[in-house]
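Open the model in your viewer and keep the selection panel at hand. The tour goes from one selection to the next.

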Amino acid sequence: MFFTRIPVPRNIDHAPDMLKKSARYFSWVGMLVGSIGAIVFLLSGLIFPTTLALAFSVLATILTTGAFHEDGFADCCDAFGGGWTKEKILAIMKDSRLGTYGVIGLIGILGFKFLLLNELVAVLPAAKIAFIMIAAHSSSRLLAISIMQQYSYVQDMDISKSKPSADGTLTTPENCIAIIGGCLAFFLLPLPYLLLLVPMYLVRSYAGWYFKKWIGGYTGDCLGATQQICEVVFYLGAFIITRYL
């Protein structure tokens, strides 16, 4: 209910405690979103050129989540690009309008996704591209979860956006559920792809440090931005492995 626009039964209600517990399934939802994108890519490829199939795939993942993570990334671009204090940054995040930094950021990150996937399609079979999509979506969401475990959730009810977030520290069993979901898709790929978790973690670590420095922790938008950036890092790493290893 929280992470996608996929309809759920009407008898499933929303509660803050359920929202916190849902974080354990963040990476599993990533597998679902990635699978939808992969299926759209494979089916579209039977009819349309590869470039259009990739475009339909990216669009399908955006529609599935309701641009949930892209919105967070754009808000972070605007907030950290235009704000110089914690109060100003959070105030910009609250603003529903999209600014110059957000527009440029969205164009850039969506362009990078498309171009990197297009390069991978030129040298890899369609089935492996599908597995790469699934692994990218699930592992990038796992890295977003790790931000939650290390930093505090920042919320100022007076000025910050009242966007719900599955904040809170997970227990060891819950972390295991999330880790399995984030790494399961790697079993569908050659072993070197597991190394991509290293640069993804480094980028995530810098993002966490950056958020901590400016606002003292993270927000839901920060998690969305982390997911988007780590997903692109995965595709970039996959390109390097394919080209040079």
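Begin with what lies over the buried residues of H5: the cover includes helix H4 (68-82), H9 and H10. Keep in mind throughout that this is a predicted model.

Now select helix H5 itself, residues 86-94. Which of its residues are buried? They are Ile89, Leu90, Ile92 and Met93. Look down the axis: these residues span an arc of only 160 degrees, so they sit on the same side of H5. In general, an α-helix has 3.6 residues a turn, so residues three or four places apart point the same way.

Next, select two of the covering helices, H9 and H10. H9 runs over residues 197-215 and H10 over residues 220-244. Their axes come within 9 Å and cross at roughly 155 degrees. Angles over 145 degrees count as roughly antiparallel, and therefore H9 and H10 are roughly antiparallel to each other. Their crossing is right-handed.

Show the side chains at this contact. From H9, pick Pro199, Met200, Val203, Arg204, Ala207, Phe211 and Ile215. From H10, pick Cys222, Thr226, Ile229, Cys230, Val233 and Phe234. Colour them by type: eleven are nonpolar, one is polar and one is charged.

Last stop: Ala67, in the loop between helix H3 (50-65) and H4. Check its backbone. Phi of Ala67 is near 55 degrees, a positive value in a residue other than glycine. Is Ala67 buried or partly exposed? Ala67 has a relative accessible area of 24%. Buried means under 20%, so Ala67 counts as partly exposed.

Conventions:
Residues are numbered from 1 along each chain as its sequence is written. This is a predicted model: local features need pLDDT of at least 70, side-chain atom pairs count only at pLDDT 80 or more; totals for chains, interfaces and linings use all residues. Side-chain values use heavy atoms; hydrogens and water are left out. Axes are lines fitted to C-alpha atoms, for helices over the stretch in contact, and angles run from 0 to 180 degrees between N-to-C directions. Helices (H or I, at least four residues) and strands (E, at least two) are DSSP runs, numbered from the N terminus. Angles under 35 degrees count as roughly parallel, over 145 as roughly antiparallel, 65 to 115 as roughly perpendicular and the rest as oblique. A crossing is left-handed if the near helix is turned anticlockwise from the far one by less than a right angle, and right-handed if clockwise. Contact means heavy atoms within 4.5 Å. Ala, Val, Leu, Ile, Met, Phe, Trp, Tyr, Cys and Pro count as nonpolar, Asp, Glu, Lys and Arg as charged, and the others, Gly among them, as polar. Buried means under 20% relative accessible area, exposed over 50%, partly exposed in between (1.4 Å probe, protein chains only). The arc is that of the directions from the helix axis to the C-beta atoms.
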